[in-house]
Each structure stands twice: as C-alpha cells, then as structure tokens.
Amino acid sequence: MSDAVKTYGWEAQPRDPSVILRGKKNVKDPKPQTVASIKLPDSTLAASVLKYAERELSTPIFNHSMRVFYYGQAIHTQQFPEWNFTDETYLLACLLHDIGTTDKNISATRMSFEYYGGILALDLLSKELHTPIEQAESVAEAIFRHQDIGETGKITTIGQLLQLATIFDNMGGHEDLVHQDTIKDVTAQYPRSTWSSCFAATIRKENGLKPWAHTTALGEDDFPNGVQNNRLMQPYD
C-alpha cells in the first residue's frame, strides 16, 4: 500500500456504520474532549483554506464545518484510532464539504451540491493552492460521497469519518460516539444558531431548485424533517 493511500485517508472502510461499530452503539464509551485539547492544523495550506472558508461560507455553515472537524476528531481518536490520515486532510474536507450549499453556488449549477462542491474543492486545492493531487482528490472524493449513506460496499476513511461527523451534527445520528460534554464545549465555541432549521431550509431549497438532486435519495421529506427535528442537538440550537 502506498504512503499516499495512508497519508491522505484513501484506505477502504465499510460504508455501513454498523459494520465498523461491530454491531454496537460504539467501540468504547466516549470521554469528554474540548476544542482546546484537539489541535487545529496550522500549516500554510490549512491556513489558506481556513481563510477561504471564512470568506466564502456563511457563519452558520462555517460553524457547522468546524463542529464536524472537532466531532470527527473525537470519533477518530476515541473510536477508530487505527484509521490513517493526516489531520490536515480531514480539516480540508470539513471546511469545504458544504461549499456547494452557499447561495452563490447552489444556484450556479444544475449539479447536486456535493458534486459541484467537490469540483470546486478539487480546483481550489489542485489548481490554486497546488496541493498534492492525492490529497486534493481525497478531499474531493469525501465531499462527493459525504451524503452517500448506505449498507453496501466501501468508502474511503476520510469519507466515512466525514459521513459520521456530519450525520452526528445534522441529525444526531450515532449519538453514543461523542460525549455530551464534548458537544457542550464544541457548540460553545462554534454555536449552532438554529442550524437545524437553517440546514433543513437549505435541503428544501436545493430539492426545489433541483428535483433530481442526490439529497432526495435520503428522503425528500424524511431527510429535512430529520434535520429539523434533531433531538440530540435541540438543547444547543
């Protein structure tokens, strides 16, 4: 296996979370972690993409993206420490995974937001920031598939972690993977600010603009309703 496969999170994982969780609610009981205890990558590349995300994303989307990073890192270190990838690569995927949902981008294409967002991310990383192509493509692949929920086949390590963390923040899925005190600290640093209703509205907006959108595969009503009624995150909205 090449170094790039491990470095940039390309190793294949089962797409079905119940398989990686071995049929249990978690691999081990989670412990509290704070934002301060999880190091944010500070490379030149990470700083450039962070600046880009702060400029291009609305505050609610940016805060969601940062929560996904911190929840994902908690899941990684406590539940799946054997997974291989650089923290920088995962941060890039988190910061860019919803770039296709901005008001400008959602109406700029007929493509589903994950696919257009993945293309935007690939162009930014490979053409503008001259990121190693294996890393840029890993980020794009994870973005393309971060709503590709299912029980068959495989997905990259970065893709699976991005799925787990986004579903956790958006719908309260797999609630036993992250400690409640971690949620409290992360949401204090990156407030939800009625994120549930905000993202539910974005889903409905895309489905209205693009009735063929990939998001409809998650349920044209079930998905936005599930986001809107996120019981786990309700106290923080």
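Which residue forms a salt bridge with Lys127? The partner is Asp123, and the closest N and O atoms of the two residues are 3.5 Å apart. A salt bridge is here a side-chain nitrogen of Lys or Arg within 4 Å of a carboxyl oxygen of Asp or Glu. The structure is a predicted model, in which local features need pLDDT of at least 70 and side-chain atom pairs count only at pLDDT 80 or more, while totals for chains, interfaces and linings use all residues. Residues are numbered from 1 along each chain as its sequence is written, and side-chain values use heavy atoms, with hydrogens and water left out.

Side chains of opposite charge can pair when their charged atoms come close. Under the rule stated above, 14 salt bridges are counted. Lys127 and Asp123 both belong to helix α7 (residues 113-128), where four residues, about one turn of the helix, separate them. Helices (H or I, at least four residues) and strands (E, at least two) are DSSP runs, numbered from the N terminus. Lys127 is exposed, with a relative accessible area of 58%, whereas Asp123 is partly exposed at 29%. In these terms, buried means under 20% relative accessible area, exposed means over 50%, and partly exposed lies in between (1.4 Å probe, protein chains only).

A second salt bridge joins Asp169 to Arg67, with the closest N and O atoms 3.0 Å apart. This pair links distant parts of the chain, since Asp169 lies in helix α9 (residues 157-171) and Arg67 in helix α4 (residues 59-79), 102 residues apart. Asp169 is buried, with a relative accessible area of 0%, and Arg67 is likewise buried, with a relative accessible area of 0%.

A salt bridge is also found between the side chains of Asp148 and Arg15 (3.0 Å, N to O). Distant parts of the chain are again linked: Asp148 lies in the loop between α8 (133-144) and β2 (154-156), Arg15 lies in the loop between β1 (12-14) and α2 (17-20), and the two are 133 residues apart. Asp148 is partly exposed, at 22% relative accessible area, while Arg15 counts as buried at 12%. Both residues take part in a network of salt bridges that links Arg15, Glu141, Arg145 and Asp148.

Aromatic side chains were examined next. A pair of aromatic rings is described by the distance of the centres and the angle of the planes. Rings of Phe, Tyr and Trp (its six-membered ring) pair if their centres lie within 6.5 Å; planes under 30 degrees apart count as stacked, over 60 as edge-to-face and the rest as tilted. Nine aromatic pairs are counted by this rule. One of them is the stacked pair of Tyr70 and Tyr190, with 5.9 Å from centre to centre and 25° between the planes. Tyr70 lies in helix α4 and Tyr190 in the loop between α10 (180-189) and α11 (195-209), so the pair ties together parts that are 120 residues apart in sequence. Tyr70 and Tyr190 are both buried. The pair of Phe80 and Trp83 is also stacked, because the ring centres are 4.2 Å apart and the planes are at 5°. Phe80 and Trp83 are both buried. One aromatic cluster is formed by Phe69, Tyr70, Phe85, Tyr90 and Tyr190.

Leu96, in helix α5 (residues 87-96), counts as buried at 1% relative accessibility. When neighbours within four places in sequence are left aside, Leu96 is in contact (heavy atoms within 4.5 Å) with Val49, Tyr52, Ala121, Leu124, Leu125, Val139 and Ile143. Between Leu96 and Glu220, the separation is 124 residues in sequence and 24 Å in space, C-alpha to C-alpha.

The backbone was considered last. Most residues other than glycine have a negative phi, and most peptide bonds are trans. His130, which is not a glycine, has a positive phi of about 55°. This residue, His130, is placed in the loop between α7 and α8 and counts as exposed at 64% relative accessibility. Thr194 also has a positive phi, near 55°. Thr194 lies in the loop between α10 and α11 and is partly exposed, with a relative accessible area of 43%.
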